[in-house]
Amino acid sequence: MGEPKPDSDSEPVQVECPACGHANLYWGKRDGDLVIEHFGRRCQGLVDDPDRPSKVTGGQRGAASGAYNQPGAASGAYNQPGAASGAHKKQCEFRFRFKVCDECGAENDIAARRCHGCEKLLVDADDKLKDALKLKDAKVLRVSGMQLEATTNGRGLPRLKVTYHDEDGTHLAEWFALETPAQRRAFYAAFLRYHLRAPGGKWQPRSAEEVVAEQRRLRHPDFVVGRKVGRHFQIRDKLFDYAGRYRKAVEAG
Ligand SMILES: [Zn+2]
Ligand SMILES: [Zn+2]
């Protein structure tokens, strides 16, 4: 696992990669048989590298293997014993936890400073907070709790309402529909994949009630940034896995 144990009640848990099927071993937590949380970031599995087919002749292979020693390999991706077998393998690209590049949309490691897709510097979480705190029409919540509610909107349609609470009592909410497959895909992309405590699993809630009933699977962000649009605030950014210089909220309850 290579990572320090995140807290005292963590234990090694097995997490299957949804992309390549590799059984990863990460620090995590169980609730009965269910892996309720894990701290894995990128799949450790090795997959065939389509850019580097294994049918290389002697001279070319020598040249190719040299590439494994490039500085880019410092990520550990190419330092795998699999390369010795002759088949060119690379580390599976699937990331359980990631931050998305605002420029090109690539998923990067949560600690990355530069995007591996477009090479641009990734916006630092502290800079995002600092910029938002300067704005008069922005609200920054230091999130101490998240409340989920299966309710209806003004037109009587079923909706999931998610409310984020700051320590000082301010709050911001967002709403999701889960009626159609398209709405559920949007819910996954905008909410679920960031909020799952054990990302990469097969859980696909089909209603707001199901999300509320299974809220033990979800985590809240460390910070939420809202901007005023007309008379209301809209959530613009949610910061997870925050490790900067601002203090995080003391956990509620
Ligand atoms: Zn994988
Ligand atoms: Zn990028």
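Two residues are in contact here if their C-beta atoms, placed from the backbone, lie within 7 Å, and pLDDT is the predictor's confidence in each residue, from 0 to 100. With those two ideas in hand, let us walk through this predicted model.

The chain averages a pLDDT of 87, and 85% of the residues score at least 70. Confidence is highest in helix α4 (residues 208-213), at a mean of 98, and lowest in helix α1 (residues 58-67), at a mean of 42. Over residues 57-83, pLDDT stays under 50, and for this stretch the model has 20 contacts beyond four places in sequence. Where pLDDT is low, the predicted coordinates should not be read in detail.

Now for the overall layout. The chain has four helices and twelve strands. Of its 253 residues, 23% are buried. Among the contacts with a separation of 6 or more, 46% are made by residues 24 or more positions apart.

Let us follow the strands next, beginning with a sheet. It is an open sheet of three strands in the order β1-β2-β3, and the pairing is antiparallel. Its edge strands are β1 (11-16) and β3 (34-38), each of which pairs on one side only. On average, neighbouring strands of this sheet are turned by 70 degrees against each other, direction ignored. If you look at β1 and strand β2 (residues 23-31), you will find six bridges joining them in the antiparallel sense. One of the residues to look for is V15, whose bridge partner in β2 is N24.

Our last stop is helix α3 (residues 181-195). This helix has 15 residues and reaches 19 Å from its first C-alpha to its last, close to the 21 Å expected at 1.5 Å a residue. Along the way, α3 bends by about 50 degrees at Y188. Which residues of α3 are buried? They are L192, Y194 and H195. What covers these buried residues of α3 includes the strand β12 (232-239).

How values were computed: Residues numbered from 1 in each chain as written. Chains lettered and ligands numbered in written order. Predicted model: local features only at pLDDT ≥ 70, side-chain atom pairs only at ≥ 80, totals over all residues. Helix = DSSP H or I, 4+ residues; strand = E, 2+ residues; numbered from the N terminus. Expected span 1.5 Å × (residues − 1). Bend = angle between axes of the 7 residues up to and from the residue. Buried ≥ 20, exposed ≤ 12 C-beta atoms within 10 Å, placed from the backbone. Pairing = 2+ DSSP bridges. Axes fitted to C-alpha atoms, helices over the stretch in contact; angles between N-to-C directions.
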